[in-house]
Amino acid sequence: MALSLRSIRNGALIVVLLGIPVLLLRSSAQDPHRMSGLDRAVRRIGAPLEAAVSYSAGMLGAFFERWVLQARVQDANEKLASENRDLRQRLREVVHLQEENQQLRRALQMREKVPEDMIPAERVGVDQSPFFRVVNIRVDRGSQYARPGMAVLSPDGVVGRIDKALDDYSDVMLITDPRSKIAVELARTKAQGILEGRTEDSCTLEVSKDYEVEVGDIVQTSGVDELFPKGHPIGQVVEIEPLVGDQQRLHVVPAVRFDRIDVVWVVLANAPGADPRSGLEGPAVQARGLQPISP
Amino acid sequence: MLRAFVYLVLGWVLIAVVGGMADVLSLTIMLPATSAVILTHAAFSVSTSLPLGLGVAIALGYLEDLHQGAPIGTLALAHGLAFLVLRWASGRFAIGGFWLRAAAGLFSALLLDGLTLAILLVLAEPLEVPRHALLGALGVVHWHALATLFVAPPLWAGIDRLLAVLRLDDRPPQQAYWTGAGT
């Protein structure tokens, strides 16, 4: 088989070319740690190239890392926001419970301070005016306990009185109701009068001009009408209107926020009068103890 | 000649890229043998003559030696021998499509690693390379080949595209497949 000149030339070139790495290997085998001038020159070019690529890749990697980090931060943020919403909701519930607890505590404290026979009642409904003022409240005590005319109190002051007592609940006529009339007195001057409901959130009271009245004076029950126990706050004077004659009209704002009432007390019976013999010493009775009974 | 230069420059850049990415991503095992893919591309290219392709292969191997810190000449010889094997195969097989390119990448990487290990095992004593370390390297060859399998098809397509852009591809420019002309 005749070989062409081209094949011979290619074969020679292959041998020569393969001889180069063989010679390089031989050189490495003689001194594995030696680098020739060409090796150093190529390394000098290659090292910065690799460093540049490494730097660029590092920058790119850092960018993606930051991107992933931001995505993670966003996820964490959404999770925390969700937790925050839940916690805020729970906080609102806790605040509501706190307020309720405070009201109940005040109601209990009031029960301990007030001598009248009272029964607690929970508000179960309200009637509101077109201007969102409370004009009537409903409590969960029916005719089994409540009777029309019974006073209704709260820790802040007088609420009103039972208007209608039904089977399971009763309607309370508020002190601001135009039908409401209560015997009251000014706490500071003891000037007495009849407090009448006027509008949705105020009452009026007419007292003699002989009494000096100031804006801010506290109005309280006088107990004269025997419906409301004496000394319970009703509100305070916000305006003094002089009338023709010897009377002056006082505008009173109730002490009780009717829209915030949860628990009220229905006065079943006024406290009995003081025992006239309470200060006297009774007859001494000898204690028997465990001694034998003598015949 | 220009085509050989493009192979060489591209090969060198890819060696640096793989080295850089390995450094950034802290990869040591699953690194693709980009030189093997370039070698295969050159071997299966009709526009690259045997001596020129062999020269490119040895030069690429020499660059790999320097970048990988192998004894100088080891990878150069392995690349040269691998090129000859692949050139021989190019007369009997044709590579086309995604899967064949991937398979060619896998085969060339295994071939290159096999030849390198064989050379090192033969010259272990004079090159002061411990044999047990070489046998340990056998256990990670498949990762190297697997990485090359994934990289080969896109890299092959990229080389095709680059050569076409530089008007160095095997077909005349008007018949370049990616232009859509001449069909």
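Colleague: Which pattern does chain B follow when it is read along the sequence?

Modeller: Read along the sequence, chain B follows the pattern α-α-α-α-α-α-α-α, with eight helices and zero strands. Helices (H or I, at least four residues) and strands (E, at least two) are DSSP runs, numbered from the N terminus. Please keep in mind that this is a predicted model, in which local features need pLDDT of at least 70 and side-chain atom pairs count only at pLDDT 80 or more, while totals for chains, interfaces and linings use all residues. Residues are numbered from 1 along each chain as its sequence is written, and chains are lettered from A and ligands numbered from 1 in the order in which they are written.

Colleague: Is α4(B) mostly covered or mostly open?

Modeller: A residue counts as buried if 20 or more other C-beta atoms, placed from the backbone, lie within 10 Å of its own, as exposed if 12 or fewer do, and as partly exposed in between. By that rule α4(B) is mostly covered, with 12 of its 17 residues buried, among them B:L81 and B:L86. The cover includes α1 (5-30) of chain A, together with α2 (34-43), α3 (50-68) and α5 (98-122) of chain B. For chain B, buried residues make up 46% of the 183 residues.

Colleague: How do α3(B) and α4(B) cross?

Modeller: Axes are lines fitted to C-alpha atoms, for helices over the stretch in contact, and angles run from 0 to 180 degrees between N-to-C directions. The axes of α3(B) and α4(B) come within 7 Å and cross at roughly 145°. The contact (C-beta atoms, placed from the backbone, within 7 Å) includes B:L54 and B:I58 of α3(B), and B:L77 and B:F83 of α4(B). Its residues divide into 13 nonpolar, six polar and three charged, where Ala, Val, Leu, Ile, Met, Phe, Trp, Tyr, Cys and Pro count as nonpolar, Asp, Glu, Lys and Arg as charged, and the others, Gly among them, as polar.

Colleague: Why is B:T48 classed as buried?

Modeller: B:T48, placed in the loop between α2 and α3 of chain B, is buried because it has 23 other C-beta atoms within 10 Å. Not counting residues up to four places away in sequence, B:T48 touches B:R3, B:A4, B:A42 and B:G53. B:T48 and B:M1 are 47 residues apart in sequence, yet 8.3 Å apart in space, C-alpha to C-alpha.

Colleague: Turning to chain A, in what order do the six strands close into a barrel?

Modeller: Strands of a sheet pair through backbone hydrogen bonds, either parallel or antiparallel; here, two strands pair if DSSP finds at least two bridges between them. In chain A the six strands close into a barrel in the order β6-β7-β8-β11-β10-β9, with antiparallel pairing. Neighbouring strands of this sheet are turned by 40° against each other on average, direction ignored. Seven bridges join β10 (residues 233-242) to β11 (residues 247-254) in chain A, and A:E239 stands opposite A:H251 of β11(A). β8(A) and β11(A) pair over six bridges, and the bridge partner of A:L205 in β11(A) is A:L250.

Conventions:
Contact = placed C-beta atoms within 7 Å.
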